[in-house]
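Open the model in your viewer and follow the stops below in order. Each stop says what to select and what is found there.

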Amino acid sequence: MTSSAPSLNRIRIGSAPDSWGVWFPDDPQQVPWQRFLDEVARAGYEWIELGPYGYLPTDPARLAEETSARGLKVSAGTVFTGLHHGPAVWEKTWAHVADIAALTRAMGADHLVVIPSFWRDDKTGEVLEDRTLTAEQWRDLAGQTERLGQEVGDRFGLRIVVHPHADTHIDSEDNVSRFLDATDPDLVSLCLDTGHYAYCGGDSVKLIETYGERIGYLHLKQVDPEILAEVTANEMPFGPAVARGVMCEPPAGVPALEPVLAAAQRLDAELFAIVEQDMYPCPPDKPFPIAERTRRFLRSCGA
């Protein structure tokens, strides 16, 4: 830590499989899970997320042994949902959520990151549905997300944190505000991903200052503004945009993370801030040096 950096004593820093180019439970382009665990610990991180379910061992005893041997702890699991489709998708959604929530709880974590479904395919760019929700779909999205928050809390003791994400219906400042205004703060919190929010034109510091009580979790990420301009001009889907390098190594992009962390520190809350630099696909030797440099940079910010 530099002498001028404030102490961010309410922020717990971690990383995730995403920062090692991991998007899928199994993919030949991804590093093996053992290498991820080895390298994330060597890079100086103590906290990790589970990543896509099935990438890390799903047996709690095995995973606990592997993580504790490396001095690692789990901060959250991640689920994907299409709750704007209403009650008809509940059973399918819960089948996906329950196993992940059980493993997340067994690993001692308190959070479940909820990512909305994409309106266009992130690989092919195929438009899967309208990018704008109807009023009825907004009601279903809010109501079913509250139901998910209630059920996950009652059954597993976890808090859901909904992740605004590029190419989903919870993306821009307007849509994030609409979603937050429509949901119960006791049941639904937000996972603010600084990179995705900037990708969609949002201001993370403003969001923290406006909806501070709803911020339950952070993902630290930056976008390259020049590549983002190209992505936006060409209406490029998220997957190809990542392959193009739109998510970049801090502190080279936007938003500046120092003011985001400072704003988060001012909240009356303990927060995880998990580094996630989307890099799928990437060479296997690329993530570790970036992870080390990013950890050093965050220490210089006081984290």
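Start with helix α8. What covers the buried residues of α8? The cover includes α6 (194-199), β8 (222-223) and α9 (238-244); contact here means heavy atoms within 4.5 Å. Helices (H or I, at least four residues) and strands (E, at least two) are DSSP runs, numbered from the N terminus.

This is a predicted model, in which local features need pLDDT of at least 70 and side-chain atom pairs count only at pLDDT 80 or more, while totals for chains, interfaces and linings use all residues. Residues are numbered from 1 along each chain as its sequence is written, and side-chain values use heavy atoms, with hydrogens and water left out.

**Stop 1**

Select residues 225-233, which form α8, and colour Ile227, Leu228 and Val231, its buried residues. Seen down the axis of α8, these buried residues fall within an arc of 100 degrees, so they line one face of the helix. The arc is that of the directions from the helix axis to the C-beta atoms. Buried means under 20% relative accessible area, exposed means over 50%, and partly exposed is in between (1.4 Å probe, protein chains only). An α-helix has 3.6 residues a turn, so residues three or four places apart point the same way.

Now select Glu226, Thr232 and Ala233: these exposed residues are on the face of α8 turned away from its buried side.

**Stop 2: the two ends of α8**

At the start of α8, select Asp224 and Glu226: a side-chain oxygen of Asp224 comes to within 2.9 Å of the backbone nitrogen of Glu226. After α8 comes Glu235, in the loop between α8 and α9. Glu235 has a positive phi of about 50 degrees although it is not a glycine. Glu235 is exposed, with a relative accessible area of 61%.

**Stop 3: Pro240**

Move on to helix α9 and select Pro240. Its relative accessibility is 29%, so Pro240 counts as partly exposed. Leaving aside neighbours within four places in sequence, Pro240 is in contact with Asp122 and Lys123. Pro240 and Asp122 are 118 residues apart in sequence, but 7.3 Å apart in space, C-alpha to C-alpha.

**Stop 4: the barrel**

Show the strands. Eight of them close into a barrel in the order β1-β2-β3-β4-β5-β6-β7-β10, with parallel pairing. Two strands pair if DSSP finds at least two bridges between them.

Select β4 (residues 111-116) and β5, which pair in the parallel sense over four bridges. Which residue in β5 is the bridge partner of Leu112? That partner is Ile160. β4, helix α4 (residues 135-156) and β5 make a right-handed β-α-β unit. From β5 the chain crosses through helix α5 (residues 173-182) to β6, again as a right-handed β-α-β crossover. Right-handed means that, with the strands pointing away from the viewer, the path from the first strand over the helix to the second runs clockwise.

Strands β5 (residues 159-162) and β6 (residues 189-193) pair in the parallel sense over two bridges. Val162 stands opposite Leu190 in β6.

**Stop 5: loops**

Select Asp167, in the loop between β5 and α5. Its phi is positive, near 65 degrees, and Asp167 is buried, with a relative accessible area of 6%.

Finish in the loop between β9 (247-248) and α10 (257-265), where Pro251 lies. The peptide bond from Pro250 to Pro251 is cis, with omega near 5 degrees. Pro255 is in the loop between β9 and α10 too, and a cis peptide bond joins Val254 to Pro255, with omega about 0 degrees.

Key
A polar contact is a pair of N or O atoms within 3.5 Å; within protein, one must be able to donate a hydrogen and the other to accept it, and residues adjacent in sequence count only if both atoms are side-chain atoms.
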